[in-house]
Structure formats: structure tokens, C-alpha cells
Amino acid sequence: MRLRRCAVCWRYTLRTDKCPVCGGDLVNPHPPSRMLSESELRASEGVERG
Ligand SMILES: [Zn+2]
């Protein structure tokens, strides 16, 4: 199941063509903006070495 989100009224919908409420364009609510690098993942673990 893929949820889409309206770019106009920000309602979630199962439609893929347009918003059923206002007819606005749909966008992906979870865009793959960036990938975490390995160093960032290690840093997030909070491991400190003396
Ligand atoms: Zn809408």
C-alpha cells in the first residue's frame, strides 16, 4: 500500500493521480532525501573511545 499526500491540502490519500478532496497534485510523503553514510551511523551510536 502506497500513501500519497496532497501538495495543496496535505491530506493523505490512496489515490495516485490527484487529490480526491481538492484535485491537487500528489507528492510522496517520505521522499528519499539522502542516505545516511556509514560514519554518520557509527556517530549516532554514541561510542566514545579514550
Ligand atoms: Zn488536496
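1. In which loop does Trp-10 lie? Trp-10 is placed in the loop between E1 and E2. Here E marks a strand: helices (H or I, at least four residues) and strands (E, at least two) are DSSP runs, numbered from the N terminus.

2. Two remarks on the basis of this note come next. This is a predicted model, in which local features need pLDDT of at least 70 and side-chain atom pairs count only at pLDDT 80 or more, while totals for chains, interfaces and linings use all residues. Residues are numbered from 1 along each chain as its sequence is written.

3. The overall plan may be stated briefly. The protein chain contains one helix and three strands, and its elements run β-β-β-α from the N terminus on. Of the 50 residues of the protein chain, 6% count as buried. A residue is buried if 20 or more other C-beta atoms lie within 10 Å of its own, exposed if 12 or fewer, and partly exposed in between, with C-beta atoms placed from the backbone.

4. Contacts are treated next. Two residues are in contact if their C-beta atoms, placed from the backbone, lie within 7 Å. In the protein chain, among contacts with a separation of 6 or more, 7% are between residues 24 or more positions apart.

5. The sheet deserves a point of its own. Strands of a sheet pair through backbone hydrogen bonds, either parallel or antiparallel. In this model, three strands form an open sheet in the order E2-E1-E3, and the pairing is antiparallel. E2 and E3 are the edge strands, each of which pairs on one side only. Two strands pair if DSSP finds at least two bridges between them. Strand E1 (residues 4–6) is joined to E3 by two bridges, and Arg-5 has Val-27 as its bridge partner in E3.

6. Trp-10 may now be considered further. Its phi is near 60°, a positive value in a residue other than glycine. Trp-10 is exposed because 11 other C-beta atoms lie within 10 Å. Trp-10 and Pro-29 are 19 residues apart along the chain, and their C-alpha atoms are separated by 9.3 Å.

7. Val-8 also lies in the loop between E1 and E2. Val-8 has 15 C-beta neighbours inside 10 Å and therefore counts as partly exposed. Leaving aside residues up to four places away in sequence, Val-8 touches Cys-19, Cys-22 and Gly-24.

8. The loop between E2 and E3 holds Lys-18. Lys-18 is partly exposed, because 15 other C-beta atoms lie within 10 Å. Residues up to four places away in sequence not being counted, Lys-18 touches Gly-23, Gly-24, Asp-25 and Leu-26. Lys-18 and Arg-4 are 14 residues apart in sequence, and their C-alpha to C-alpha distance is 9.2 Å.

9. Val-21 is found in the loop between strand E2 (12–13) and strand E3 (26–27). Is Val-21 buried or exposed? Val-21 counts as exposed because it has 12 C-beta neighbours inside 10 Å. Not counting residues up to four places away in sequence, Val-21 touches Cys-6, Cys-9 and Arg-11. Val-21 and Cys-9 are twelve residues apart in sequence, and 8.2 Å apart in space from C-alpha to C-alpha.
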